[in-house]
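Have a look at the chain below.

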Amino acid sequence: MEVGVLPVELWQLIFSYLHLPDLGRCSLVCRAWSELVLSLDRTRWRQLCLGCLQHRHPNWPNHPGVEPPSWREAFKQHYLASKTWSKTTQDLESSNCLSLFRRRKGWRRLCVGVGGEFGSLRAALAAASPYDRLVLLPGVHEEQSEVLLKVPVEVVGQGKLGDVALLASIDQHCPTARLSNVVFMPARFTSLLYKTTSGYVQFDNCNFEGGQLQIHAPGTCQVKFCTFSQSSIHLRSVALCILEHCEFTGSENASVTVEGCPSSDRNWACKHLAVLAKSCAASLRQPDPAICPVAKWDGWRESPLRPVRTCEIVVGEERSSFLSAAGAQALLGSAQEDTEFGENLRAAKEEEEYPALDSNSSDSDLRSDDEEDAQVAYKVPCQAHSPRHTLADVMDSKLQSNRLHALQRDLKLKSLQQELQQDKEAQSLANSLQGCIIRQCLFRDGKGGIFIYSRGQAKVEGSIFRDLTYAVRCIQNSKVIMLRNDIHHCKASGIFLRLLAGGLIADNNIHSNCEAGVDIRKGANPLVLCNKIHSGLRSGIVVAGNGKGIIRSNQICGNKEAGIYILYNGNPAVSGNHIFQGLAAGIAVNENGRGQITGNIICENQWGGADIRHGGDPVLRNNLISCGYSDGVVVGERGKGLIEGNVIYGNKGCGVWMMSSSLPHLINNQISHNSIYGVAVFCHKDNAGDYPLGQGGSESFQEEREGAGGENDADSEEEYPAARRPISVALVELNSINHNGAAGLHVKSSEVLNIIANVIHANGDGGVAVLQSSQLTRIANNSISCNSRGGVLVEADCQVELRGNGIYENSSHGIVSKGEGVIAENDIIGNHRCGLQLLQAADMKGAFGEQNRGHRSLLRDWRCCRAVVSCLSTGRAQEVPESRWWHSESCGRQFLGKRRPLSALFSYTKQ
């Protein structure tokens, strides 16, 4: 029959009255009719799907108002799944062709109840043959003793769900069974509703009230469109089972308990369940924003640096500048596998030409004969003034707003697809089909969601957990795979892993929980990828008690405590995350916590971007720590760690704040445009930022405290090895510290401190201010230039060694000292006031002693000088050796140009 004889709309109207078998026959007539049948998706196929009593809306219970992409496809999947229980026939091995002549199974319809053929379920089962259908008529069916299911049958309730109630305890001893459209309630003698230890059972569109289902290997099950009210499922060593579109409410314990390693003894149904699981798998597809809550987050996968705060990034010479080509290549190479951060920072590098200082021809007569022989016409960059080739002067370079926009665009978080392509272990976990598979379920208003223990395994996709005590607990070498779930408003932690648990936690929306969003302890080692963890009442992620884990490409924001909290020998690898807008620190490492923290964006947090205290000893490398409302990095009492290659800028406090009792190594960082000091060292105790030990709330850290006796476990020591020098003295080395609001480096220390080979440039106060130093502070081989006040200030009673520094063009004196120590082999050039000012209390060796004798200038056109200075306070004269004091505008320049007495080179003032 030609379709063109009638309008298409009329054909669709006619076809919409056909039943399912007739639709199938019509689709086989011709291609035109097949297309007509397919065009009925939102009419006839929708009616068939919603009118079937064996299942509910395809997106129930989480999104019943959202239509599926195809009603026909949804109906097809439900229909095929409902027939799984009857696929037990084995092909004859003797001759495959005999399967063509198999007789189709016959089955009978037996009615049970008032007006039926049988008065009880037990009587009907006694008369049933394999694959018969037992129809329970509306009413309450109660069995006084346990019912044994010895033959495969189908038990179906007649009418709507709720019309048939079955009070019984059923023990299945047959290979397969199916139960549908029935309300199960426990018998008076037990709370066990259903049990199977070997066969396969299928539940469709059932309610379970106040009881428990037990499935023991090699038995297995498929549960779809069921409601569990104060009921639970216990799965023991099940090889493979599927729970789909179920609702769990009001449980007094865990709603689903998975115990034991998936059994290698698989029954006949496992291969069919595996096919169903693969056909329905959506874990690797892009989620539908209308269905998946993760896909419709505001700002998902966007950079947290939404309001761009323009600031200057200072670029220096190769070995001193974090953003230099060579330096960035060396520093960022170790993090390239985990993050694209290195490439983005290198892209921000702009080539700089260093301005030169011309030789002054009017002073050429001061050269000696030896110097004239070696003299050539030249322009010397500022770094040549230093006695060490590693030093460089730093000139201003603005990172324009469009470059910041480009930077934040390039630093977008990786998607789950990108992570799985790069991480084969994560890909294998995401594709695994073992244990219990839970999809599109709703867990609410109860104590627990899913409990996995004793090497159990579960995979949870697209489910919602809300208003529970906890969502998921995974312990004792068990494994959980969680993909695209919504976990919120739990009274404790959302996901809790302990005792060597592992797995994959990816692309979930975890928020508004009373404790940590993810809690990792006692050797647990999961992969935590691409989640959004936000708005928690405590920390976003806690790693404690030798917990490990790989935490990568997550958005962690708006939590009331630290975004990531590491303590009690916790040792995770944290990389490529965006941690922002927290109400406390971005990352806190406390109580001997460790960790490799690399390539993260940490910004706009209320406390320090990174907070390290009480024995915390992390590696903090190649992170962007910016725009915080307090300090960039805080190293509190007894804090340690390697802080290397980070960009720390635009914070409202200090760039780095540390106590003198701490022992960090601060190496190769770019510390700029912070509102107060670039680096500040204090000796007084600060408790303002301490975290309470009760961070875990109801989940206290008592066990972790007792187990952390000071030594890390052997596994933890070898997990993330790092080439680090033994930490015995705090070290500030090879950093670029520039354009900060106050002094570049502010020291009030009671411990030994080494400040080596840093570039300290254009800060709002002095370059280095040593206000308290009861033990030696060693300042060596630094470039200190263009600061708004003096280059170096040393207060009274401070012990300081100043050696090999280049101190250039500061707005006040080059060095002002009232303290004790050594000043030797420094270049003090072009400062606006005196090169060196020693006040009455000063006792600086080397400035007037033998240590500077014979030292030659790197600038060949200036004559090294010997001077005698009159000490105004004592009247004694002292000899000044061959030191280099040039271009001091108030003293040095005047002397060199007008041949004034050499004493004019220095200001030595009585107070």
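What follows is a short tour of salt bridges, aromatic pairs and charges over rings. Keep in mind that this is a predicted model.

**Salt bridges**

How many salt bridges does a search of the whole structure find? The count comes to 26. Here are some of them:

| Salt bridge | N to O distance |
|---|---|
| Glu-142 and Arg-188 | 3.2 Å |
| Glu-795 and Lys-818 | 3.5 Å |
| Arg-803 and Glu-801 | 2.8 Å |

Take Glu-142 and Arg-188, whose side chains meet in a salt bridge. This pair links distant parts of the chain, 46 residues apart: Glu-142 is in strand E3 (residues 139-142), while Arg-188 is in the loop between strand E9 (183-185) and strand E10 (192-196). Glu-142 is partly exposed at 29% relative accessible area, whereas Arg-188 is exposed at 74%.

Next up are Glu-795 and Lys-818, which also form a salt bridge. Their pairing links loop to loop across 23 residues: Glu-795 sits between strand E61 (792-794) and strand E62 (799-803), and Lys-818 sits between strand E64 (815-817) and strand E65 (820-824). Glu-795 is partly exposed, with 22% relative accessibility, and Lys-818 is partly exposed with a relative accessible area of 22%.

Then there's the bridge between Arg-803 and Glu-801. Is Glu-801 buried or exposed? Its relative accessible area is 14%, so Glu-801 counts as buried, with the cut-off for buried being under 20%. Arg-803 is partly exposed at 24%.

Some bridges share partners, too: Arg-133, Glu-154, Arg-178 and Asp-204 are joined into one network that way.

**Aromatic rings**

On to the rings, where the structure holds 16 aromatic pairs. One of them is Phe-15 with Trp-33, an edge-to-face pair with 5.2 Å centre to centre and 80° between the planes. Phe-15 belongs to helix H1 (residues 8-15) and Trp-33 to helix H3 (residues 31-38), so the pair ties together parts 18 residues apart in sequence. Both Phe-15 and Trp-33 are buried.

Trp-85 and Tyr-131 make a tilted pair, at 5.7 Å centre to centre and 45° between the planes. They link distant parts of the chain, 46 residues apart, and both Trp-85 and Tyr-131 are buried.

There's also an aromatic cluster, made of Phe-184, Tyr-194, Phe-203, Phe-208, Phe-228, Phe-248, Phe-443 and Phe-465.

**Charges over rings**

Finally, look for arginines lying over tryptophan rings. Arg-56 lies over the face of Trp-60, 4.1 Å from the ring centre, and Arg-72 lies over the face of Trp-45, 5.8 Å from the ring centre.

Terms used. Residues numbered from 1 in each chain as written. Predicted model: local features only at pLDDT ≥ 70, side-chain atom pairs only at ≥ 80, totals over all residues. Heavy atoms only, no water. Salt bridge = Lys/Arg side-chain N within 4 Å of Asp/Glu carboxyl O. Helix = DSSP H or I, 4+ residues; strand = E, 2+ residues; numbered from the N terminus. Buried < 20%, exposed > 50% of the residue type's maximum accessible area, 1.4 Å probe, protein only. Phe/Tyr/Trp six-rings, centres within 6.5 Å; stacked < 30°, edge-to-face > 60°. Lys NZ or Arg CZ within 6 Å of the ring centre and 35° of its normal.
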